[in-house]
Amino acid sequence: MRLPPIPAGARAVLPIAVTVPLFGVSFGVLARAADMGVVAPIVMSATTFAGSSQFAVASILDESGSLAAAIVAALLLNARYAAIGISVAPLFRGSRLRRLLESQLVVDESWAVSARPDGTFDRRVLLGAGLTLYATWVLGTALGVLGGGFLGDPKRLGLDAAFPALFLALLAGQLGSPRAVAAALAGGGIALVLLPFTPPGVPIVAAVLGCLVGLRR
Amino acid sequence: MTVWIAVAVVGAGTIALKGLGPALLGTRRLPERMATLVGLLAPTLLAALVVTQTLGSSDGLSVDARLVGVGAAVLALALRAPLIVVVALAAVATAVTRALG
């Protein structure tokens, strides 16, 4: 059965449907604690819409780090979206502005669940999953800044492990060719080697080079 | 004020990073070799995300309860469990390890 976009995408992200809003709440709580106020964190979730970079900004400002450090860390963390955006570029249609707006629904999770084993991406799943995650992320943030502290830390429930588990399961569906296996090993290897020595975000951007290893096969 | 500058710059930067490809390339077809390369981006980046989300922390590398959770996910995947079971098992295994630790 062919589901319309939003239900298809919502179903695809169901396994982490609780996780994302709860992390939205915890971003809201953390941002409030970091003196970011009530409105700014919600605006940030609605415009930046990229969890790890938002957590980085809140925690760096909270530790009274410099504004420049917060901005550089966040943009490094999001640099991977340039590569991810190129990979899904053919899915977006219409005017340039519309393509720019729709592409904002790309986050790791919506991109990952829309990946097909043949290397292409499913537009309906990407947009549906992106909209679902966007709504729950912004709503979660609002709940968090308005006093969602009572929900506690999602890490206590092990929800931070839900993300690598999701990516791992989706990766398993991508390893159909020797090229893909080689690229995955290279990408994972580069990230692992750089992780202890480089600022967050750099390992993932450098891992993109793993594609070249796959190409040589 | 600092907060709003951070929100504005990070927001504009991220919108640009996400939109760069879709706004400039559109549906234009990439040369074949480039398309193969982009096709390999999913396995490459997914593997990197597994590594950074399992072992990454604000000060680099940290081996903690998440590793137990991801181990449980590997087991569940080997047993061909549905996605939602894989993810739930990872969370439960991690939570239990933290509670015991």
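What radius of gyration does chain A have, and what would a compact globule with 217 residues have? In this predicted model, chain A has a radius of gyration of 18 Å, which agrees with the value near 17 Å that a compact globule of 217 residues would have. The chain has 13 helices and zero strands, and 83 of its residues are in contact with 62 residues of chain B. The largest nonpolar core has 108 residues, and those with the most contacts inside this core are Ala165(A) and Ala90(B).

**Overall form of chain A**

- From the N terminus on, the elements of chain A run α-α-α-α-α-α-α-α-α-α-α-α-α, in keeping with a count of 13 helices and zero strands.
- Along its principal axes, the C-alpha trace of chain A spans about 50 × 45 × 40 Å.
- Of the 217 residues in chain A, 58% are buried.
- When contacts in chain A between residues at least 6 apart in sequence are considered, 71% of them join residues at least 24 apart.

**The largest nonpolar core**

- The core of 108 residues has Ala165(A) and Ala90(B) as the residues with the most contacts inside it, and its largest share, 10 residues, comes from helix H3 (residues 41–55) of chain B.
- Because domain 1 (5–173) and domain 2 (175–217) of chain A both give residues to this core, the core lies between them.
- Leaving aside its neighbours within four places in sequence, Ala90(B) is in contact with Ala161(A), Ala162(A) and Ala165(A) from chain A, and with Gly69(B), Val70(B), Ala72(B) and Ala73(B) from chain B.
- As a general background, nonpolar side chains tend to be buried together in soluble globular proteins.

**Where chain A meets chain B**

- On the side of chain A, 83 residues are in contact with chain B, and on the side of chain B, 62 residues are in contact with chain A.
- The largest share of the side of chain A that touches chain B, 11 residues, is given by helix H10 (residues 162–172) of chain A.
- By class, the side of chain A that touches chain B has 58 nonpolar residues, together with 17 polar and eight charged residues.

**The loop around Gly152(A)**

- Gly152(A) is placed in the loop between helix H9 (123–145) and H10 of chain A.
- With 13 other C-beta atoms within 10 Å, Gly152(A) is partly exposed, because a residue counts as exposed at 12 or fewer such atoms and as buried at 20 or more.
- Although Gly152(A) and Val29(A) are 123 residues apart along the chain, their C-alpha atoms are separated by 9.5 Å.

Conventions. Residues numbered from 1 in each chain as written. Chains lettered and ligands numbered in written order. Predicted model: local features only at pLDDT ≥ 70, side-chain atom pairs only at ≥ 80, totals over all residues. Core = buried A, V, L, I, M, F, W, Y, C linked by C-beta atoms within 7 Å. Helix = DSSP H or I, 4+ residues; strand = E, 2+ residues; numbered from the N terminus. Domains from an automatic or database assignment. Contact = placed C-beta atoms within 7 Å. Rg over C-alpha atoms; globule rule 2.2 N^0.38 Å. Nonpolar A, V, L, I, M, F, W, Y, C, P; charged D, E, K, R; others polar.
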